[in-house]
Amino acid sequence: MSLATRRDRRESKGILHDFLEWVGLLGFIYGPLDRRLSVRDALEKALSRPIPHISWWGCFGGISLFLFLVQIGTGVVLMFFYVPTDPEAYHSIRYLNGTAPFGWLVRSTHHWSGNGMIFALFIHVIRVFVTGAYQRPRDLNWMVGMALFLFTLSFALTGYLLPWSQTAFWTTVFWTDMIGQIPIVGQWLLVLIRGGELVSGATLTRFYAMHVAVLPILTIVFMAIHFAIIRRLGIKEPL
Ligand code: HEM
């Protein structure tokens, strides 16, 4: 083990110990839990692995994860106000933006953190590509990542319709029309996505279900696989 790695390990252990001491101050919650489940040992085992040779470019996967968590937090708050039906959706968003306390803040945070996640993902993919980390044995994780990228873009496409405004409506008409142009399967896909021939209340219901249930579950499962593989193989050595 090199001197630098040894020092990193010592330093990371120091910070970890400080953190655990601080958690220990929460005594009455943490104490009884720890006596039964040895939370401290488990945390020490999970967190005390030093991160090697990480640069700013290596932080964008973690930033994507952080922004995804912000999306879950703000998204759950939005669900308390949003009504996913044809006459109500637009008005519920207007109420949220104008009347509900801090509704505008939660909605804007959801909007910008979603955009930020796509931006961070782009940089993450470029970083992985440039460092050749898509090659064997990490090729499987590259494919898991591609699925994650697809899910993230689907979050954006399904979320865009939810305000049920003119812009949202016609943008959805436009891109689903484009899908309808795919040879052989296009029309079938179009009806599947829209829930009928036209963009309607049925499309809104379908997009809402995808946006708040199907995509989050798929993303969380694939993220767990992504992180388990990273944990197993480690981050790729610099070129
Ligand atoms: C929600 C989406 C994603 C999250 C939260 C995420 C998170 C992460 C994190 C935290 C790492 C470890 C260090 C780093 O940031 O580079 C990582 C590594 C990796 N990611 Fe992602 N990632 C996502 C999407 C993707 C995508 C779209 C791809 C490629 C198509 C991808 C491919 C990889 C690969 C191959 C590694 C291993 C890199 C190495 O060993 O150097 N990930 N990911």
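Helices are DSSP runs of H or I with at least four residues, numbered from the N terminus. The model is predicted: local features need pLDDT of at least 70, side-chain atom pairs count only at pLDDT 80 or more, and totals for chains, interfaces and linings use all residues. Residue numbers start from 1 along each chain as its sequence is written, and side-chain values use heavy atoms, without hydrogens or water.

**Exercise 1. Describe the second largest pocket and find which helix gives the most to its lining.**

Step 1. A pocket is an open set of points on a 1 Å grid over the protein atoms alone, where a 1.4 Å probe fits, with protein on both sides within 12 Å along at least five of seven lines; lining residues have an atom within 4 Å of a point.

Step 2. Take the volume, the space filled by probe spheres set on the points. The second largest pocket holds about 990 Å³.

Step 3. List the lining. It has 33 residues, and Gln 71, His 110, Gly 159, Tyr 160 and His 211 lie nearest the centre.

Step 4. Assign helices. At least two lining residues come from each of α4 (60-79), α5 (89-98), α6 (103-130), α7 (139-161), α8 (166-180) and α10 (201-233). The top contributor is α6, with 8 residues.

Step 5. Sort by class. Ala, Val, Leu, Ile, Met, Phe, Trp, Tyr, Cys and Pro are nonpolar, Asp, Glu, Lys and Arg charged, and the others, Gly among them, polar. The lining has 20 nonpolar, 12 polar and 1 charged.

**Exercise 2. Work out how α7 and α10 pack.**

Step 1. Read the geometry. Axes are lines fitted to C-alpha atoms over the stretch in contact, and angles run from 0 to 180 degrees between N-to-C directions. The angle is about 155° and the axes are 9 Å apart.

Step 2. Classify. Angles over 145 degrees count as roughly antiparallel, so α7 and α10 are roughly antiparallel.

Step 3. Inspect the contact. It has 19 nonpolar, 9 polar and no charged residues.

**Exercise 3. Characterise the aromatic pair of Phe 122 and Phe 149.**

Step 1. Apply the rule. Rings of Phe, Tyr and Trp (its six-membered ring) pair if their centres lie within 6.5 Å; planes over 60 degrees apart count as edge-to-face. The count is 11 aromatic pairs.

Step 2. Classify this pair. Phe 122 and Phe 149 are edge-to-face, at 5.5 Å centre to centre and 80° between the planes.

Step 3. Phe 122 is in α6 and Phe 149 in α7, so the pair ties together parts 27 residues apart in sequence.

Methods. Parallel < 35°, antiparallel > 145°, perpendicular 65-115°, else oblique. Phe/Tyr/Trp six-rings, centres within 6.5 Å; stacked < 30°, edge-to-face > 60°.
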